[in-house]
Amino acid sequence: MAEEQQAPKATEPTKKRKKAPIVIGVIVAVIVVAGIGFWNWHEQPSFCGTVCHTMSDHVTNYEEGPGVAHLHQAANVSCLDCHQATLDVQLAEVRSQLAGDTDNLGLADRYYVDNSVCLDCHGGSYEELAKSTEDLGAYNPHANPHGEMNCNECHKGHAEQQDTCSQCHENGGQRMLA
Amino acid sequence: MSEDQSRLEPTRRGFLKAAGVAALSAAAATGAFGLTGCGKAEAKEEALVANNAGVGKFSESVYTDVFPFETRGIPVLKKETGVLRRGNVAYVANDIPESEIKRTEETDVLVCGVGLTGSCAALSASDDGTTRVLALEKMDVGRGMFEGMGVVGGTKMTEAGNIVDPAEMMDRMRAAADYRLPIDPIKLWADRSGEAADWMQEKFDEGDGQIETYYKTGNPTAHHFDVPQTEISFRSPQWSEKTTKNAGGGGMMIVKDFANTLNKRSNVDLRFNTPVCKLERNADGRVTGAIAKDADGYFRVNAAKGVILAMGGFESNPAMLEAWCRTEDIEHCSSWAPNSGGTGDGELMGIEIGAQMDPLPAAIMNFDFGYPEGFYPASSGLRPLLGGPMINQDGVRYAAEDLPFQARSNATNAQWHRGEKCWRLGSSTQVNALAPEAQQLLKDNLPAYVEKGYAVEADTLAELADKMGCDASTLEATVARFNGFIDSGHDDDFYRQNLAKATKIEGDHFYALRNQSCILATVSGLVVDYYCHVLDYDNKPIEGLYAAGGNSGGFFAGEYPRHVFGPSVGRCVTFGYVSGQHAAKGE
C-alpha cells in the first residue's frame, strides 16, 4: 500500500519533491509504528479471542484448563507459536468472515497443529522424540508398533488428555498427566 | 489468484462464495497485512498429508460438491461429532497444476493404501511374479486392527465340520441391511471368501510370521440375531499373550507380516509416507493412474493395468462424519481404533471421477461401552460394571442388554439428546464378586471418572439417582423391576434372552457409569461388481479402477451388523484378493 501511494507522488513537479520524502517518511513511520503495535497485540492470546471471533474456551483454558495449552503458557509459548497462521490461511479466514460464513470458519482445521509443529520443539523428529521417552521401555508410546500417531491423539491442546493406549491394552501403568 | 488458488480455494463452492471479497483479499495480501507482518511469512515445509491443506472442516462443502450430480439436503439436526480422532487427509480437491508434478513413474498395478486390504491386493496382484505392483501408503506403516475374518467355506471351516450354506449367509447379510443392497458384493463374499481364506494361509506360509488361520466358535449372539458361525481366527507362536489378548492386536502383526512379504517380492515396490492424492481418468473413461506425493513433491503414476483403491473409510475425519452420517450416529460418541488413516481419501477420489458411492447416510460400525473421551479402558477396571442394566436420563431402562453392539448403540442414541446421558448401573453385588485385585483396580480408578462426571456412586439408589439427575422413585422402581425379571426368568419389557447371566442391582453401594456409542469404522464406500470393478452411476464398470475392503461399497446399509461374525475383515481379504487377481490380468 505504501508503494502505491509513493508512485503518483513521484510524478509531481520537482518543487514539491523536497517535502515529499518527509511526508512519505512520516506516513511510513506511522504505519511502521502502528504495525509494530498491531504485531505485538496480534501475538497476544487476547487478540485471537476478541478481534474476529469467539474462541469459546480455547483462550480461557490456555490460562487454566485440562489441555496442554496452559503448560505452554507457563513456558511463554503463545497461540500463534503452535497454531501457525500462514498468510494464506489467515486471508482465507478473513474471507470467510467477510462472506458472512461464520459457521464455517473451520478454526480447528485452519489452525490445526500438525506433528511437525510439536516436533519443532519436542525432539526434532519422531524418532528423536521416541529416544527421549526410552525409559518407558516396552510401552514407550512414541515407539509403538502401530506407527507414528498424531501427537494430539493423546496430548489434547484444549481438552482432556486421552489415554489412547490403554483403551485396548495394558500400557505399563502409564497415565496421561496435565 | 492462480498461484495461491490451491491453498486459498479448497473447493469450488468456496471459490464462488469468496469471489466477492477476493479483490479485497488480494489488496490485503500485497498491502497492509504484508506490512504488519501478520502471519508467518516463511511457509513451513508442507507436510505430506495434512489436516488443513486438502479437505478440512472449513471447506466442508467439498463433501457435497464432490458428487457429479445435483444433491438435496434432508433437514437434520446439525451437531458436531464427538469423534476427536483426526487423521491426515491425502485427497486433494483442487486441480494439481502440471508444473507441480515433478516426475512420472510407470507400473502395472497401483495399490492405494496398504493396510490389510491393500496388502492383500498387492500380494494377489503380484502373485504371478511378473506384474509390476506399486503399493503406496500415506502413513509410516500400514495399520490393522482386527481379530477374525468372516468367511463361508474354505479348508479350515470344512476341516472343523462347520459347513455353512453360502445362500443362507448371503441372505443373512442382505437381511441385516434390510435388503438395501445390490447383488454382487455380498455374493462375491459368500462365494469366494473361503477360497480367499485359503489363499491368505498360503501368504502366511510364504511369510516369516508363522501365522495360522484356524476356526474358533464365537460367542453365539443372543436375542433374535442368531446367525451361523463364520469366523476364522489367527494365531502365531511369535505373538505374545498380550498380542493375542489385546483387541485387534493380531491384525497389526498380520499387516506387518504382509509388508515383509511384499518387500521380498522383486516385482513389488512398497512405499510408506507416500499419499495418493488424486485419480486420473482419460477421455475414453479409463483410469490411467494417479497423482501421488512424496518428499520430492507430486508425481504421476501411470498404471497400465489398473488402480486398486484400498484406503478404508472415513472414521478419522470428523467433518466428513458430520457431512455423511446420521446426526444421532456421530454426536454423542467417541472413536475406538487407533488407525487414524480412514479420512475418506479413496471415496472422495473415486466420486470425483464418477464412481458410485453407497447412498448416504453412510453406515458405521458402532459399539457401546464408550464414554465421552473414548472406550472404557480395560486398565480402568470398570468394565465389570458395564454389563449392568441400560438406564436413560430419566432413570428408565431402555433396551435388552444382550442385544448386539450396533443395536445397543442405536437404542442409546434414540434416548434424550441422542444418547447424551445414558448409563450402566452396577452395585456392590457385582464388585464383591470380583477378585481382590480387580476390586482394588476399580476402586483406584473410579475417582477420576467420578471427578469428570462420567461415573457416580452412592450408598443408596435414591442418592445415586440424585447424582445422576433423575427421579429417585423412578430409578428405584426400574431396579426393582429389573431384579424381578431375574427372579421370574422373563424380561417383560425388552425380552432379554440371557437373564441367567444377569445379576441383581442390590447391596450397600451403587454405581452408574455413563455409557455411549463408539465408532470403530465407517463401512460404506464405492459400489463394486463381482470382480471389484468400481461402478459408475449407470452401473457400468469404470475401466482400470477397482476398490476393496472399507473403501468399497454395496455391502452394508444402515449399520455394521455386529451380530454376523467378521464380515468387515472378510470383505477386506476377499475383495483385496479378488481385485488384485483381476487388476493383474487387466480384466
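Start at Arg300(B), which counts as buried at 15% relative accessibility. This is a predicted model. The cut-off for buried is under 20% relative accessible area. Arg300(B) has a charged partner, Glu280(B), and the two form a salt bridge. Their closest N and O atoms are 2.7 Å apart. Glu280(B) is buried as well, because its relative accessible area of 19% is under 20%.

Take another pair. Glu206(B) forms a salt bridge with Arg265(B), and the closest N and O atoms are 2.7 Å apart. Glu206(B) lies in helix 8 of chain B, residues 184-206. Arg265(B) lies in the loop between helix 10 (249-264) and strand 6 (268-271). This pair ties together parts that are 59 residues apart in sequence. Are the two partners buried or exposed? Glu206(B) is partly exposed, at 33% relative accessibility. Arg265(B) is buried, at 10%.

Now move along chain B to Arg481(B) and Asp493(B). Their side chains meet in a salt bridge, with 2.7 Å from N to O. Arg481(B) is in helix 19, residues 472-488. Asp493(B) is in the loop between helix 19 and strand 16 (510-514), so the pair ties together parts that are 12 residues apart in sequence. Arg481(B) counts as partly exposed at 41% relative accessibility. Asp493(B) counts as partly exposed too, at 36%.

The structure holds five cavities of 30 Å³ or more. The largest cavity has about 110 Å³ of space. Its lining is made of 13 residues. Which of them lie nearest the centre of the largest cavity? They are Gln162(A), Leu84(B), Arg85(B), Ser335(B) and Glu373(B). By type, the lining of the largest cavity divides into two nonpolar, seven polar and four charged residues.

Terms used:
Residues numbered from 1 in each chain as written. Chains lettered and ligands numbered in written order. Predicted model: local features only at pLDDT ≥ 70, side-chain atom pairs only at ≥ 80, totals over all residues. Heavy atoms only, no water. Salt bridge = Lys/Arg side-chain N within 4 Å of Asp/Glu carboxyl O. Helix = DSSP H or I, 4+ residues; strand = E, 2+ residues; numbered from the N terminus. Buried < 20%, exposed > 50% of the residue type's maximum accessible area, 1.4 Å probe, protein only. 1 Å grid on protein atoms, 1.4 Å probe; cavity = no way out; pocket = protein on both sides within 12 Å on 5 of 7 lines; lining within 4 Å. Points joined across faces, edges and corners; volume = space filled by probe spheres on them. Nonpolar A, V, L, I, M, F, W, Y, C, P; charged D, E, K, R; others polar.
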